[in-house]
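Subject: Structure for you to look at

Hello,

Here is the structure I promised to pass on. Please open it beside this email and follow along.

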Amino acid sequence: MPPPPQQQPPHRHAKTDSEVTSSMAASSPPRAAYYVQSPSHDDGENKTAASSFHSSPAASPPRSASRHSSSSSRFSASAKGTASGAGGGRRRGSAWAKEAAIEEEGLLGVDDGSGGDGDGRGGIPRRARYLLGFAGAFLGLFLLFALVLWGASRNQRPVVALRAVTFHRFVVQAGTDASLVPTEMASLNATVSLTFRNVGTFFGVHVSADPVTLHYAQLQLASGNMKYFYQPRRSQRSLAVAVVGDKVPLYGGGAGLSSTPTTLPPPRKRAPPVVVPPPPVPLRLAVRVRSRAFVLGSLVKPKFYSEAQCSVTMDQARLGKPVSLNKACTYTH
C-alpha cells in the first residue's frame, strides 16, 4: 500500500525590516523617564530644571528620535527663558538666604565650640573662660574688700585737740615798712600746745598742717609751721608750735593796740603814781591739720581734715603763763 502523502507546512512570508522594528518596539519594556538639572548662568546655587525625556534609540526609529531631540531642545530653551526671567528675584532671595545661613552657621559654630575641649571655631575655649571667670571673681572680691576697708577707715578719724597757748612777748612800736612808710609795728611771740591722737585700729597716718596763725581782727600778727610726722595706729603725741611775728606793719589797723603801761598821776599828794597795764588784746587762733592713711597701698588712702578756730584774749599782765583753750575752740571736719 502506497504511503500517504505528506502534508506541506503552510507557507510563511518573510517579514520586512519595518515589521521587525515595530515588533521589537512593542516587545521591549518601556524605559523610565529621567530629568537632568543644569546650573543656571547666574551662580552655582540657582539651578534650572530642564526636564528632557529621552528614549532609547532602539525603541524608536531614527526619525522619531530626531523629533524627540528637537522637541527636547525647544523645551529646554523655553525653560531657560523662564529661568532668566525669574533670575532677578531668585538672585535677591538667594543673597538674603545666603547671609542668613552664614549668620546661623556662625552662631551654631559658637555654640558647638562651647562643648568638649573648646576647640570650636569662633568660640572661647573652656579653659580660657574658667580663667576669665576666676579673674573676674577675684577682682570683684578684691574691690569689695577695698570698699569695706575704705568705709571702716572713714569712721576712725584722727582727733586734734588744742590745749593751751602761752604768750611770751608782745611789743608795739613805731617804725617803717619795706617801702619806708612810717607806721606802727607789732611783734608777737607765742607757743601753741596741742595733741594729736590716731584712733585707727589697723592703719597709721601721715600728718601735715597749714601754718598756725594768730589774727587781730583782719590783721595777721604771727604764724608758725608744724612739722610733718607719722603717727602709728592707736597712739597719740603732744606738739608745741612756735608762733612768731616780727615787726608786722599795722597801717592804722591797730589803733587800739599798745604794749606799754600807762602812768597816771597820783590821786592825792604823796601818793605813788598809778600804773595802768596795757589793755587786753583779743586774738583769733586758727589751725588746720591734714592727715592721710595708706590702708591698702595707693588704692585705699583716705584723707582727713581737722580745723580749729579759737578765740583767746592776751592779757599782757600774764605774759609767760599758759592760757587754756579747752572751752575756747570750735572744731570742724
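Start with the contacts in the protein between residues at least 6 apart in sequence: 64% of them join residues at least 24 apart. A contact here means heavy atoms within 4.5 Å.

Some ground rules. This is a predicted model, so local features need pLDDT of at least 70, side-chain atom pairs count only at pLDDT 80 or more, and totals for chains, interfaces and linings use all residues. Residues are numbered from 1 along each chain as its sequence is written, and side-chain values use heavy atoms, with hydrogens and water left out.

**Confidence**

pLDDT is the predictor's confidence in each residue, from 0 to 100. The protein averages 74, and 63% of the residues score at least 70. Where pLDDT is low, the predicted coordinates should not be read in detail.

**Overall make-up**

The protein has four helices and 15 strands. Both are DSSP runs, numbered from the N terminus: helices are H or I with at least four residues, strands are E with at least two. Of the 333 residues, 27% are buried. Buried means under 20% relative accessible area, exposed means over 50%, and partly exposed lies in between (1.4 Å probe, protein chains only). The protein exposes about 22,900 Å², and carbon and sulfur atoms supply 58% of that area. Accessible areas come from the Shrake-Rupley method with a 1.4 Å probe; for residues, only the protein chains shown count as cover.

**The disulfide**

The structure holds one disulfide, which is a pair of cysteine sulfur atoms within 2.5 Å. C310 and C329 form it, with their sulfur atoms 1.8 Å apart. The link is right-handed, with 105° about the S-S bond. C310 lies in strand β13 (residues 303–314) and C329 in strand β15 (residues 329–332), so the pair ties together parts that are 19 residues apart in sequence. Are these two cysteines, C310 and C329, buried or exposed? Both are buried.

**The salt bridges**

A salt bridge is a side-chain nitrogen of Lys or Arg within 4 Å of a carboxyl oxygen of Asp or Glu. By this rule there are two. In one, R288 meets D210 at 3.5 Å, N to O. R288 lies in strand β12 (residues 281–293) and D210 in the loop between β5 (205–209) and β6 (212–216), so the pair ties together parts 78 residues apart in sequence. In the other, R290 meets D210 at 2.3 Å, N to O. R290 lies in strand β12 too, so this pair ties together parts 80 residues apart in sequence. R288 is partly exposed at 30% relative accessibility. R290 is partly exposed at 28%, and D210 is partly exposed at 24%.

**The surface patch**

Which residues make the nonpolar surface patch of about 640 Å²? They are F134, F138, L139, F142, L143 and L299. Patches are made of residues with over 30% relative accessible area and no salt bridge: like charges are joined within 9 Å, nonpolar side chains (Val, Leu, Ile, Met, Phe, Trp, Tyr) within 5 Å. F134 is found in helix α4 (residues 126–154). F134 is exposed, with a relative accessible area of 61%.

Best wishes
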